[in-house]
Amino acid sequence: MISARRWISGLSISLMTTVVSLTGTVNSAHAVSFVNSLTIPGESIDLLNTDISGANINRLGFISDLYYDRYSNLYYGVGDRGPGGGIISYDTRVQKFSLDVDPNTGAISNFNLLDTILFTKNGQNFNGLNPTILSGNASNLGLSFDPEGFAIAPNGNFYVADEYGPSVYEFNPTGAFIRAFATPDNLLPREADGTVNFTDGFPTITRGRQDNRGYEGVTLSPDGSKLFAMIQDPLVDEGDPDGRRSPNLRLVEFDTATGESTAQYIYPLESLTDINSRVPEDPFGPNSQGRNIGISAITALNDTEFLVLERDNRGFGVADIIGEAPPVGTKRVYKIDLTGATDVGAISLAGFNDLPGGVTPVSKSLFFDIADLLRSNGELIGEKMEGLVIGPQLADGSYAIVVGTDNDFSVTQTGSGEQFNVCTDGAQVPLDQSCANGATLIPTYLYSFRASADQLAGFVPPTKVPEPTTSAGIILLGLSALWLKQQSQIKD
């Protein structure tokens, strides 16, 4: 089954929305301000047609990435590999939904789920199980899929970034696989003898992406000719003595026509010293820079400028319950520019925590501090903020910016053994058992912010291929899609 549609009775009514008066929250006409938050209950189910409900069947667990289709005024939220950290079978999918955004304030409300779209290949579902479990071979990626980034091409096709590979796949709007982009060799996880291993981590893996730290975000240039995918953290072999102590991760550029990588750039994470200055009572260790801190989302402003969401692994979520979590060090959105950055596709950073001579990273400046704005407005700070979109333009020319959290399906993520539901009071109960004493499953949060037109100066909305209006146009569009599919099959 590729796509399923049915309404969830009362879902939008059950959502809790907190609206904060704009009075006192807008620092100036040029500042990003917090508007409101919306809570999606952890008990919510998606639209998969099934007579049985369960954490790994139809629980609405997301958001690993967000996408806003401004031409249809609809949103997409992609879930990742499912509950349990890759050891529980889960058919991977993307959720299509609507939100009301107040045209004057930017306040969000009325979440309505419209469609649940499964990712398939040749009629088989992609699955969140890791390759060792799913295919019996850590070197065979097969249908193992951990979707973490999502974007829509001008022709309506989906581009999805995956952590397991790391991979970038193209799907049609029903979720059917079209083609895979070519993964640069230096990103592939390999053992010391060169064997590719998509399951294990350091020290079994000695080069390439770290385990569970592959592509975490994807975006397109406004005309759709280039795709950009970001690795969540530094590569295993890049840093001194390894990637866990390095601040330098890779932004990979692709040509969407060929699916080939055309460049790689260095994105420097915020310095550990600066982050720890905000949490002196519970600082991050020296080997946390390239593991517990990383990026979660990227969205294009134009051909060379982007917004990037950078975060730590602290905050309210399945690992850190209220009152027990260490203090949040960073949840921030940065503006970056590729202009003048060095293409490091052929350059290794092994042995370097500081960049070698001649290598210029992307330029980077703080766009807004999510944690600071939420904290000052009395909001919970979610652990895994993984979705970032520039939403609709408001009446005064400013824009709504929506950030979403990944609730991990409200299931433990140990990666081995039995997994449990996680309740808001910290209790862990069997997957099919409800929380007790008034507690609930960990919810998903959507946060709305507002950015001035000046702050988003240079923003170029993505293009969209017009719908054909003649029979000839429809035939031509169909032939183009057929040709693209044939080319992808030849490459595969």
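**Close-up views of a predicted model**

**View 1. A left-handed disulfide links Cys423 and Cys435.** The angle about the S-S bond is -95°. In this predicted model, the two sulfur atoms of Cys423 and Cys435 sit 2.1 Å apart, and the count of disulfides comes to 1. Cys423 belongs to the loop between strand E24 (421-422) and strand E25 (428-429), while Cys435 belongs to the loop between E25 and strand E26 (444-451), so the bond ties together parts that are 12 residues apart in sequence.

**View 2. Four strands make an open antiparallel sheet.** Reading across the sheet, the order is E10-E11-E12-E13. Strand E10 (147-152) and strand E13 (177-180) are the edge strands; each has a single partner, so one side of each is left without a neighbour in the sheet. On average, neighbouring strands here are turned by 25° against each other, direction ignored. Zooming in on one pair, E10 and strand E11 (residues 158-162) run antiparallel and share 5 bridges. A handy landmark is Phe150, which stands opposite Val160 in E11.

**View 3. Glu270 takes part in a network of salt bridges with Arg278, Arg332 and Asp369.** Start with Glu270, which is buried because its relative accessibility is 9%. Its salt bridge with Arg278 has an N to O distance of 2.8 Å, and Arg278 counts as partly exposed at 30% relative accessibility. Glu270 also forms a salt bridge with Arg332, where the closest N and O atoms are 3.4 Å apart. Arg332, at 13% relative accessibility, counts as buried.

**View 4. Lys364 and Glu310 form a salt bridge between two strands.** This is one of 17 salt bridges in the model. The closest N and O atoms of Lys364 and Glu310 are 2.9 Å apart. Lys364 lies in strand E21 (residues 363-369) and Glu310 in strand E19 (residues 305-312), so the pair links distant parts of the chain, 54 residues apart.

How values were computed. Residues numbered from 1 in each chain as written. Predicted model: local features only at pLDDT ≥ 70, side-chain atom pairs only at ≥ 80, totals over all residues. Heavy atoms only, no water. Pairing = 2+ DSSP bridges. Axes fitted to C-alpha atoms, helices over the stretch in contact; angles between N-to-C directions. Disulfide = S-S within 2.5 Å. Salt bridge = Lys/Arg side-chain N within 4 Å of Asp/Glu carboxyl O. Buried < 20%, exposed > 50% of the residue type's maximum accessible area, 1.4 Å probe, protein only.
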